[in-house]
Amino acid sequence: MLATIAGTRSGATSSELTVTGGQTFSFAHGLSASPFMVQWSIKNITAEHGYSVGDVIIGTDTVANASHSPSIYVESGDTSNVKGVFPSLGTFQIASKASGVVGNTVTTTAGRWKMIVKVMK
């Protein structure tokens, strides 16, 4: 069953988006359908908090705060774009890799991470 589903699905990945606090963004995915799944992640471009350049963190809503979380949406009837708003401060709250303590969150430094959006139909 999974092979059948996988064979009928297609997806798209955005370029690495420069996070600008509070600004809107749009990702033209080219799927010709509204995606059923939207996922965001951040990629480290300047090491901090124990993360190395190239490390990727899959986005979650562990911090429901517009200051540190993006808002991503598909407008009704739009089969071409995913839109969103970057966190208002241009930063994210993430687990500290350096501390090694579960639940120890830190705030990223603006400009040290890029955001990536993935969609699937």
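This is a predicted model: local features need pLDDT of at least 70, side-chain atom pairs count only at pLDDT 80 or more; totals for chains, interfaces and linings use all residues.
**Notebook: salt bridges**

I started with Arg112, which comes out partly exposed at 30% relative accessibility.

Next I checked what Arg112 pairs with. It forms a salt bridge with Glu48, and the closest N and O atoms sit 3.6 Å apart. Glu48 is in the loop between β4 and β5 (56-58), while Arg112 is in the loop between β9 (105-107) and β10 (113-120), so this pair ties together parts 64 residues apart in sequence. I then asked myself: is Glu48 buried or exposed? Glu48 has 8% relative accessibility, so I put it down as buried, given that the cut-off for buried is under 20%.

I ran the search over the whole structure and got 4 salt bridges. I followed up on some of them.

Glu16 belongs to the loop between β1 (11-13) and β2 (17-18), and Lys43 to strand β4 (residues 37-44), so the pair links parts that are 27 residues apart in sequence.

Last entry: Glu75 with Lys83. I find a salt bridge here, with the closest N and O atoms 3.2 Å apart. Glu75 shows 39% relative accessibility, which I log as partly exposed. Lys83 has 25% and I log it as partly exposed too.

Methods: Residues are numbered from 1 along each chain as its sequence is written. Side-chain values use heavy atoms; hydrogens and water are left out. A salt bridge is a side-chain nitrogen of Lys or Arg within 4 Å of a carboxyl oxygen of Asp or Glu. Helices (H or I, at least four residues) and strands (E, at least two) are DSSP runs, numbered from the N terminus. Buried means under 20% relative accessible area, exposed over 50%, partly exposed in between (1.4 Å probe, protein chains only).
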